[in-house]
Amino acid sequence: MTAILSPIARPDTSNPECSYDGSKVVYRLLRLETWGSPLMNLGYFGYRGLFAPLNLMSSVEGAQNRMVLEAAKLLGMRGEQDLLDVACGRGKSSYLIQCLHPNATVTGVDLLEQHTATAQTLFGGTRNLSYQTGNAMDLNFGDESFDRVLCLEAAFHFPDRAEFLREAYRVLRPGGRLVVVDFAWNTEADRVQKDHPKTMLVRDVWQWDDFYSLPEYEATARETGFRVAASHDWSSRVTAPLQLQFRTVLGLAKTSIGRRLLEWRNPLYRSLSRSDWHACVAAVAAHAHVQSHSKYMAFVFEKPLAG
Ligand SMILES: C[S@@+](CC[C@H](N)C(=O)[O-])C[C@H]1O[C@@H](n2cnc3c(N)ncnc32)[C@H](O)[C@@H]1O
């Protein structure tokens, strides 16, 4: 494990592309589990607490779709509203929400041209749905252009989250709503974990420099002008069940019978080498470390009607 951690002691976290191009084994594991789904979020699982093991029977791909549906509920869209889906990835979240609200106009924007190009290929023919390449911290839209803004599991990449919040506030109409689904340190004191070797590994995989703490997230949203309408802790639906899923997979992968069982369930696992499996064990343990100091949050921030 030391050998795996040492080369990334000071991760360069400025390249989100490498999180999703298959060069990181954890993302490959997620991509195999989801059979190459265009969605890239961690999934929102149906069971928690004592029932959490039941999630092992459900697919991670289904959980990814459910994540979009849960975020869509928080958006509370009605009729002919305009939605901006910031960091839309390969476009499926924007597509699903457009289908849920056929009279709405949905615009997906992502930093990576290859993501918006894929989005365009997969969903570009859908009525009232379009995609653009652009930066969340410098949105290419006029003031008060949207009724809703969604940022689903992407703000951890942004070097300046406050700038993103200001941009979201600017493009929202008065009375509009921003839903941000993101990670946050439990408390300010947990920030010391940022430079822990296990955290470094996670930062390298997912290309992030730091999280906000929970109080800091809400305070920054208020400073921007938002009202904090709700803060939901989704950790028991997202990070905890996914960790259980991966720990079960890795536990099975330790034995040849277990590996055969895994390959029977999902033949795509054949693409992982022995060293890939070792790297996954270290990476999943590192993610558990970060999870013990952070939460997976869904925030609802509202722009007041009168400024
Ligand atoms: C975990 S993926 C989530 C994608 C999508 N919301 C989903 O649920 O599938 C994070 C996305 O953030 C995008 N991203 C990273 N930095 C960005 C930025 N500054 N502006 C816009 N998008 C960005 C990445 O390209 C990637 O598509």
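Trainee: How many aromatic pairs does the structure hold?

Mentor: The structure holds 20 aromatic pairs. Rings of Phe, Tyr and Trp (its six-membered ring) pair if their centres lie within 6.5 Å; planes under 30 degrees apart count as stacked, over 60 as edge-to-face and the rest as tilted. This is a predicted model, in which local features need pLDDT of at least 70, side-chain atom pairs count only at pLDDT 80 or more, and totals for chains, interfaces and linings use all residues. Residues are numbered from 1 along each chain as its sequence is written, and side-chain values use heavy atoms, with hydrogens and water left out.

Trainee: Why is the pair of F158 and F164 called edge-to-face?

Mentor: The ring centres of F158 and F164 are 5.2 Å apart and the planes stand at 65 degrees, so the pair is edge-to-face.

Trainee: What makes the pair of Y269 and W277 tilted?

Mentor: For Y269 and W277 the centres are 5.6 Å apart and the planes are at 35 degrees, so this pair is tilted. Both Y269 and W277 are buried, as are F158 and F164. Buried means under 20% relative accessible area, exposed over 50%, and partly exposed in between (1.4 Å probe, protein chains only).

Trainee: Why does H196 count as partly exposed?

Mentor: H196 has 28% relative accessibility, so it counts as partly exposed. H196 is found in the loop between β5 (172–185) and α8 (197–206). Helices (H or I, at least four residues) and strands (E, at least two) are DSSP runs, numbered from the N terminus.

Trainee: Which residues touch the most other members of the largest nonpolar core?

Mentor: W206, W234 and W277 do, in a core of 63 residues. Helix α4 (residues 60–75) gives the most to this core, with eight residues. A nonpolar core is a set of buried Ala, Val, Leu, Ile, Met, Phe, Trp, Tyr and Cys residues joined through side-chain atoms within 4.5 Å. Another core, of 31 residues, lies apart from it and has F164, A184, F226 and M297 among its members.
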